Amino acid sequence: MLGGSPNVWITVNLFFQFLLLLGYCLATVLSRISNWGRLIYVGFALAAAFILPSHLHISDLNTPDSPVFWVLRYLASNLGVPALLLCTAAPLLQYWYGTSKPSSNPYLLYAASNIGSFLGILVYPLLLEPRLGISEQFQLWRGAYLVLVGLVGCASLLTRTNHDKTQSQETAVPRGAVTWSDRLRWVLLAAIPVSLSLSLTSYITQDLGSFPLIWILPLGLYLLSYIRGFQPLNKPTFLVHPYKHFWIAFIILGLRNILPIPHQVSFLASTIIFYQVSKSIHNQLYEHRPTVQYLPQFYLFTASGGVLGGLFNGVVAPLEYKFTLEYPLLLLLVLLISPQYLVLVTNYDNRVSQILGSGFIVKNYQTPVGKWYKYSTYFIFVSWVIIAYAILLGSIGIPNFKGLAGAIIPIGVFTLAAWKLKSTVIQKSVVGLFLFGVLFLFKPTGNYLFADRSFFGNLQVVSSSSYGGSHYLMHGTTLHGFQLTNSLSAPQYGLSSTGIGYYTAVKELVEKIGSNYTRPIKTAVVGMGSGISALYTQPGDKLDFYEIDPLVVKVARDEKYFSYLKKAPANINIYEGDARLQIQNIDEKYNLLVLDAFSSDAIPSHLLTKEAFQVYTNKLNTSGIILVHISNRYFDLSSSVAVTVSTLGLDCRIKQYNPSKKEKEEGQLDAIWLAVGNTHILDKYVPDWKIVQKLSITPWTDNYANLLSAFRALGIKSKN
């Protein structure tokens with residue numbers, strides 16, 4: 001329904017953050033009843049999981065105007081009640097455990113639960129999903145869940161209730177009643193890692209280049225930081241050290257592409273810094289944990305922080321920013337965090353470090369003097385100069401935010417952070433200046449004619465000197481089409497057109513099916529891009545585009561950037577929404593159906609299942625053919641498609657286009673295409689294309705799709 005957008009994952013994350021918040025609200029109320037009353041409720045809550053549906057079905061044809069809220073409503077209506085009840089079980093069990101055993105530390109159970117989550121996100125995509133269909137996965141989960149419920153019941157019966165309310169030194173830091181200042185600190189410290197993890201996901205997938213299952217890495221590191229941070233650490237955390245400024249400066253410099261920093265280096269540095277920052281912040285949360293009587297409130301307000309972080313990334317950022325601004329904004333916010341631990345040294349005065357924002361107070365350990373501490377003033381100052389250069393290099397013009405909320409929200413968060421995180425005056429002043437620069441000046445390098453964001457990612461039109469002057473349509477790091485500027489006023493259509501981009505296969509098939517345009521043909525294209533396919537039409541032809549992203553439609557229709565659609569001689573229709581649902585419900589028979597939705601690295605696999613190809617073949621006329629564009633950096637989809645369509649009695653051929661130097665100068669690009677159809681149709685239209693080698697893999701269906709079977713690393717295809 002919503003394709004392979006990384007924002008789907010961000011929105012799902014936001015939904016569960018909301019559930020945690022509501023669940024912890026309910027748990028806070030239920031914490032006031034008796035222990036056995038809470039255990040009875042926990043049993044009821046655990047049993048509610050058995051009413052969870054095994055499949056989620058979508059029948060809505062159109063892309064919703066607000067995809068984020070559509071996803072939230074859909075998940076709430078299908079999963080809301082049982083999932084909410086489940087969310088109350090963990091804090092109630094921890095509270096019961098803490099009050100029953102005064103010498104225990106119930107907060108360590110939270111770290112233990114994250115170990116389970118961490119193992120889950122590794123086991124599912126690597127072991128379960130490639131081997132089991134959805135129905136089998138659901139049955140396996142039911143069995144394992146029954147074992148869990150039994151173990152919880154046994155633990156409840158075997159543990160003697162102890163109402164001794166005395167709290168030991170190990171349970172929590174001695175402190176008085178919880179204040180609203182404490183609660184605000186919990187909210188802020190919980191929000192930053194959540195928002196930073198989602199920001200990192202957006203940055204990697206949209207600005208560095210998406211990698212298969214990339215969302216696992218930020219989520220896994222986030223959970224790991226909770227596991228490591230939610231316990232006593234007998235050494236300074238990352239945020240205490242002055243070198244945090246240096247590494248954040250390095251990352252922000254890479255965001256501008258001022259230096260030729262390889263994407264792999266930026267990726268590695270970003271993930272390491274994210275983990276270290278998150279671990280440090282989670283350790284601060286642990287250090288500020290209350291006594292067990294306030295445990296439900298602690299989880300309630302940390303869940304509130306998670307919701308706020310998710311709202312910022314899932315709602316505010318796509319609606320209010322033209323680039324992935326949330327990532328540099330969060331990195332700058334980290335510079336305000338001063339844990340304020342004192343490193344006990346004898347031969348170095350650290351007062352200068354305190355002024356510049358390293359932040360130290362008394363702690364029961366010593367750190368030997370090293371170069372980072374001895375020269376911390378210089379490291380911090382040089383880092384600030386680098387950040388200022390990278391951020392403030394742009395010119396004041398159109399701001400990077402689209403509405404006032406895009407400026408007001410980060411300024412408000414900055415104000416709260418400056419108040420609660422005990423940063424120095426110099427820190428606040430410098431970070432405030434950097435914040436202004438990100439909102440008004442900071443832009444990735446490039447001559448942008450247009451920049452905007454939608455639920456489906458970042459979209460830019462870039463003016464380039466290539467081919468004597470051209471406009472590029474970039475979706476994150478993926479090229480989705482271009483047009484020579486000298487052809488904007490009068491593109492060449494039909495036989496006079498040349499192969500442009502990776503659409504040479506479309507041109508060849510259209511000419512063969514239409515007998516060199518002696519008869520009109522009907523073509524459907526899934527994935528519109530800049531609309532290059534319109535070049536291969538003549539008067540009387542019909543061309544239907546199926547595009548899920550309304551922003552792509554908006555840009556492709558604007559003659560300032562691309563004129564393929566406006567000046568095309570054919571009858572062109574554009575259907576917005578999920579292509580499979582739209583095609584299934586349209587009354588049309590096509591000569592050619594082109595699938596061009598797999599060139600990025602977030603593969604909408606539901607468009608390549610057996611059921612999907614059945615839909616496509618039902619919409620072809622007797623001599624119709626399907627073209628599938630499978631050029632991809634990380635996936636080889638040829639065998640998966642060939643094995644899948646063979647279950648429908650269809651054949652599959654492949655051709656790799658390697659244009660000559662002259663053809664590349666004219667605008668042709670390397671590409672790999674598949675042709676799918678009956679054998680006699682393929683022999684007629686693509687007789688020189690090669691037969692696809694079929695591996696021993698399972699066909700893809702709506703119940704089973706194994707992307708890892710098509711994964712290749714460093715050009716080496718993985719084996720199933």
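The buried residues of helix α21 pack against α20 (610-618), β10 and β11, where contact means heavy atoms within 4.5 Å. Helices (H or I, at least four residues) and strands (E, at least two) are DSSP runs, numbered from the N terminus. The structure is a predicted model, in which local features need pLDDT of at least 70 and side-chain atom pairs count only at pLDDT 80 or more, while totals for chains, interfaces and linings use all residues. Residues are numbered from 1 along each chain as its sequence is written, and side-chain values use heavy atoms, with hydrogens and water left out.

Helix α21 (residues 638-646) is mostly covered, as eight of its nine residues are buried. Buried means under 20% relative accessible area, exposed over 50%, and partly exposed in between (1.4 Å probe, protein chains only). The buried residues of α21 are S638, S639, S640, V641, A642, V643, T644 and V645. The helix lies across β10 (651-657) and β11, and runs at about 160° to β10. Axes are lines fitted to C-alpha atoms, for helices over the stretch in contact, and angles run from 0 to 180 degrees between N-to-C directions.

Strands β10 and β11 belong to an open sheet of eight strands with mixed pairing, in the order β7-β6-β5-β8-β9-β11-β10-β12. Two strands pair if DSSP finds at least two bridges between them. Strands β7 (571-576) and β12 (690-691) stand at the edges and have a single partner strand each, so one side of each is left without a neighbour in the sheet. Strand β8 (residues 590-595) is mostly covered, with six of its six residues buried. Strand β5 (residues 522-526) pairs with β8 in the parallel sense over four bridges, and V526 has L595 in β8 as its bridge partner. Five bridges join β8 to β9, and these two strands run parallel; L592 stands opposite I625 in β9. Strand β9 (residues 620-629) is joined to β11 by four bridges, and the two run antiparallel. The bridge partner of I626 in β11 is V676. In a regular strand the side chains alternate between the two faces of the sheet.

W673 is placed in strand β11 (residues 671-677). This residue is buried because its relative accessible area is 0%. The side chain of W673 reaches the backbone oxygen of Y502 at 2.9 Å. A polar contact is a pair of N or O atoms within 3.5 Å; within protein, one must be able to donate a hydrogen and the other to accept it, and residues adjacent in sequence count only if both atoms are side-chain atoms. The C-alpha atoms of W673 and V594 are separated by 10.0 Å, with the two residues 79 apart along the chain.

Y472 lies in strand β3 (residues 470-475) and counts as buried at 15% relative accessibility. Its side chain makes a polar contact with the side chain of S466 (3.5 Å). Leaving aside neighbours within four places in sequence, the residues in contact with Y472 include V462, Y467, L479 and F562.

The axes of helix α7 (residues 216-229) and helix α9 (residues 263-287) come within 8 Å and cross at roughly 35°. The residues of this contact divide into 11 nonpolar, six polar and two charged. Ala, Val, Leu, Ile, Met, Phe, Trp, Tyr, Cys and Pro count as nonpolar, Asp, Glu, Lys and Arg as charged, and the others, Gly among them, as polar.
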